[in-house]
Amino acid sequence: MSMPEDFLGRIGYLLSEYGPSFLTGAGKTMLIAIVGTLIGCLIGFAVGIIQTIPVGKEDHIGKRVLLGIIKLILNIYVEVFRGTPMMAQAMFIYFGASAVFGFNMSIWFAAFFIVSINTGAYMAETVRGGILSIDPGQTEGAKAIGMTHVQTMINVILPQALRNIMPQIGNNLIINIKDTCVLSVIGVVELFYTTKGVAGALYTYFEAFTIAMVIYFVLTFTCSRILRAWENKLDGPDNYDLATTDTLAHTSGMYSYTAPRKEEE
Amino acid sequence: MSQENILEIRHLSKAFGKHVVLRDIDFTVKPGNVTCIIGASGSGKSTLLRCINLLETPTSGEVLYHGVNIADRKVNAASYRSRVGMVFQNFNLFNNMTVLNNCMVGQIKVLKKDKETARKNAMAYLEKVGMAPYINAKPRQLSGGQKQRVAIARALAMEPEMLLFDEPTSALDPQMVGEVLTVMRTLAQEGLTMIIVTHEMAFARDVSSHVVFMANGVIEEEGEPEQIFGAPENQLTREFLSRFIQG
Ligand SMILES: Nc1ncnc2c1ncn2[C@@H]1O[C@H](COP(=O)(O)OP(=O)(O)OP(=O)(O)O)[C@@H](O)[C@H]1O
Ligand SMILES: [Mg+2]
């Protein structure tokens, strides 16, 4: 089959010849983006949590010094990885590690590592902000019933912070889906690399990248919808059921006051 | 020894930087006592309560709980707080949990009760404050008075020996104040030891066994409610109360 003359025909041709390559490329893009975002979130949470550990004058001097050093190192990590392009980091880490330390990492390891460490740096700031944005009253309420700092974080603060930063996590995933294309510089055969190969071989840049654009958009759009649905699920229903079978029963129990509103806001 | 003091505060002082907020506070709380702390805004009432619950660290002095100084660094603050509850002006209900879970989480995580026991216990106290029908609601779906009643149930579910209230009705609309005060009256009648910071003078007069009047970080006068409200000796107490009686 030879190359058709018209645009749509060419697209059809590319799809029939290279469809599986495009799909494999898209699959790799998604795999790197999702794994990188997940690990990045874990790193971000760890760093963000450490950065918000309260230290006061009453704490032991050793603890204060140790925490100070750890926080400093984490700050450097965050600033360096936020402040340099991921493409440069990819070259630096992948080729640098083998040239300087003789450490030849596999290309997959490099891909996951670079995206994770990058996302981690961004998420650390987001998580820190998310934690600080929770009303201090929540912490006091938890302390007042005897929860320790760790219990307070796990049961009260982090679930609320996580909910608040969900849109940011989604944002990061979408950015990662798009930005994995910079990994082509170290030879990761993801969607962009695949497309470039197809386009160059047949000199069909317009058609090949049309296909790539559509795939990228479908991937990001689907992810953003799924995340939005998940957010709504986390919020729970707007209404609640009164836990009584008699709907006319007086709901306030022991005293009378005007009828309770069923919902607010 | 039922007359042993639950709480004994000795020479308690608290400063934020150079700003001295509490000066040489002394008072005691006996089991079953309802102590109301009254005084002008900024006189240090909240700070005193927060020092008692270790939400603030006293600068000097002692807070003896059954004779043990809990201001001492070696004391486990979390386990002490699980025995002394606190109800806040702004409720501080956990926004990520339903009403029922708000009342269960402390029992499960702190007191290590099993889920079923915790649930039964939480239901009993929610029933008591009239919030049992609302167990599935989230705090944002409740009115202020309802939130505060849940907050009281949450504190009670820990079965504390003493409960601290910091202006529990100040953030409420007038018609909701009554529902919260009714709950607190019931608790007082049942003999729960309470320390209540309040601007509700009629309530303080009716319910308290002991009244503490504070001004500018010191206790100016304390005594039985009949004496404080009926025949205050201190000039500052008289001025403070006359403003309330006029208003
Ligand atoms: N964290 C803090 N840092 C510095 N100053 C504080 C802090 N908390 C309270 N203060 C100061 O301590 C003083 C007493 O405050 P406190 O909240 O105890 O008063 P209060 O008697 O509870 O007043 P109100 O009736 O308005 O609640 C005030 O002058 C306040 O500005
Ligand atoms: Mg106050």
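Two strands count as paired if DSSP finds at least two bridges between them. In this predicted model, strand S4 (residues 60-65) of chain B meets that mark with S5(B), since the two pair in the antiparallel sense over two bridges. Within S5(B), Asn69(B) is the bridge partner of Leu64(B).

Strand S9 (residues 210-215) of chain B and strand S10 (residues 218-223) of chain B pair in the antiparallel sense, with five bridges between them. Going along the pair, Phe213(B) faces Glu221(B) in S10(B), while Met214(B) is set opposite Ile219(B) in S10(B). The two strands make a hairpin with two residues between them, and Asn216(B) there has a positive phi near 50°.

Chain B also lines up a set of residues around ligand 1. There are 13 residues around this ligand, and the ones that come nearest are Ser41(B), Gly42(B), Lys45(B), Ser46(B) and Thr47(B). Lys45(B) reaches in with its side chain: one of its polar side-chain atoms lies 2.7 Å from an oxygen atom of ligand 1. Two other contacts go through the backbone. For Gly44(B), a backbone N or O atom is 3.0 Å from an oxygen atom of the ligand, and for Ser43(B) the corresponding distance is 3.2 Å.

Turning to the helices of chain B, helix H3 (residues 99-109) and helix H4 (residues 115-128) pack at an angle of about 130°, and their axes are 9 Å apart. That angle makes H3(B) oblique to H4(B). The crossing of H3(B) past H4(B) is right-handed.

Chain A brings helix pairs of its own. Helix H1 (residues 7-51) and helix H4 (residues 107-132) of chain A have axes that come within 5 Å and cross at roughly 40°. H1(A) and H4(A) are therefore oblique to each other, as angles under 35 degrees would be needed for roughly parallel. The contact of H1(A) with H4(A) has 18 nonpolar, nine polar and three charged residues, and H1(A) passes H4(A) in a right-handed crossing.

H4(A) has a further partner in helix H3 (residues 86-101) of chain A: these two pack at an angle of about 135°, their axes 10 Å apart. With that angle, H3(A) is oblique to H4(A), and H3(A) makes a right-handed crossing past H4(A).

Definitions and conventions. Residues are numbered from 1 along each chain as its sequence is written. Chains are lettered from A and ligands numbered from 1 in the order in which they are written. This is a predicted model: local features need pLDDT of at least 70, side-chain atom pairs count only at pLDDT 80 or more; totals for chains, interfaces and linings use all residues. Side-chain values use heavy atoms; hydrogens and water are left out. Axes are lines fitted to C-alpha atoms, for helices over the stretch in contact, and angles run from 0 to 180 degrees between N-to-C directions. Helices (H or I, at least four residues) and strands (E, at least two) are DSSP runs, numbered from the N terminus. Angles under 35 degrees count as roughly parallel, over 145 as roughly antiparallel, 65 to 115 as roughly perpendicular and the rest as oblique. A crossing is left-handed if the near helix is turned anticlockwise from the far one by less than a right angle, and right-handed if clockwise. Ala, Val, Leu, Ile, Met, Phe, Trp, Tyr, Cys and Pro count as nonpolar, Asp, Glu, Lys and Arg as charged, and the others, Gly among them, as polar. A residue is near a molecule or strand if one of its heavy atoms lies within 4 Å of it. A polar contact is a pair of N or O atoms within 3.5 Å; within protein, one must be able to donate a hydrogen and the other to accept it, and residues adjacent in sequence count only if both atoms are side-chain atoms.
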